[in-house]
Amino acid sequence: MTEAEQEKAPDLNALEQEGEIAADYVEGLLDIADIDGDIDMDVEGDRALVSVVGLKGNELVGPGGEVLEALQELTRLAVHRQTGERSRLMLDVAGYRERRRAELTKLGTEIANQVREEGEPKALHPMTPFERKIVHDAVAAAGLRSESEGEEPQRYVVVLPA
């Protein structure tokens, strides 16, 4: 591995530490809220992944994942407070992100096919950065280009013809 590749490679120990800090933080929140759930930790690519599993109900996800997004930001802040480093941690609750990933991959592929057939750009509804990345990846896999436009929180994806 070259020196440049070593600098780019994620520090597995640091990511595992982020996951442990985040898991402790989320576990504390679950205790305070008196919500039963188990915590799973993993490293996926260049980010720590913490999942809350075994929940009954969607109170920690909220409409459109809004509560989950807020919990993720609070968890990232807790990690930052302890490590001094910005965290790209991903928090999932009850498999919401995996289900959403599948939905958005399907949407990105379908929209790419429509744009290919019609030859006209198509704008999608506003999405979170996580959601936009999935759509961009699906559009690229379908052989087309896409761009993000607008300002947060109203930023959206536009799929462009070839």
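Visitor: Which helix gives the most to the lining of the largest cavity?
Guide: In this predicted model, helices H3 (66-83), H4 (96-118) and H5 (129-141) each supply at least two residues of that lining. The helix that gives the most, with three residues, is H4.

Visitor: How much space lies in the largest cavity?
Guide: A search of the whole structure for cavities of 30 Å³ or more finds one. Its lining includes Gly-64, Leu-68, Tyr-96, Arg-97 and Phe-130. The space in the largest cavity comes to about 40 Å³.

Visitor: Which side chain of opposite charge is nearest to Asp-92, and how far away is that side chain?
Guide: Asp-92 lies in strand E3, which spans residues 90-93, and Asp-92 is buried yet has no salt bridge. A salt bridge would need a side-chain nitrogen of Lys or Arg within 4 Å of a carboxyl oxygen. The nearest side chain of opposite charge lies 5.0 Å away and belongs to Arg-97.

Visitor: Which backbone nitrogen does the side chain of Asp-92 reach?
Guide: Beyond four places away in sequence, Asp-92 touches residues including Val-50, Ser-51, Leu-68 and Glu-98. At 2.8 Å, the side chain of Asp-92 reaches the backbone nitrogen of Arg-97.

Visitor: Is Arg-132 buried or exposed?
Guide: Arg-132 lies in helix H5 and, not counting residues up to four places away in sequence, touches Met-127, Ser-148, Glu-152, Arg-155, Tyr-156 and Val-157. Because its relative accessible area is 8%, and the cut-off is under 20%, Arg-132 counts as buried.

Conventions: Residues numbered from 1 in each chain as written. Predicted model: local features only at pLDDT ≥ 70, side-chain atom pairs only at ≥ 80, totals over all residues. Heavy atoms only, no water. Helix = DSSP H or I, 4+ residues; strand = E, 2+ residues; numbered from the N terminus. Buried < 20%, exposed > 50% of the residue type's maximum accessible area, 1.4 Å probe, protein only. Lys, Arg positive; Asp, Glu negative; His and termini not counted. Polar contact = N/O pair within 3.5 Å; in protein donor to acceptor, adjacent residues only side chain to side chain. Contact = heavy atoms within 4.5 Å. 1 Å grid on protein atoms, 1.4 Å probe; cavity = no way out; pocket = protein on both sides within 12 Å on 5 of 7 lines; lining within 4 Å. Points joined across faces, edges and corners; volume = space filled by probe spheres on them.
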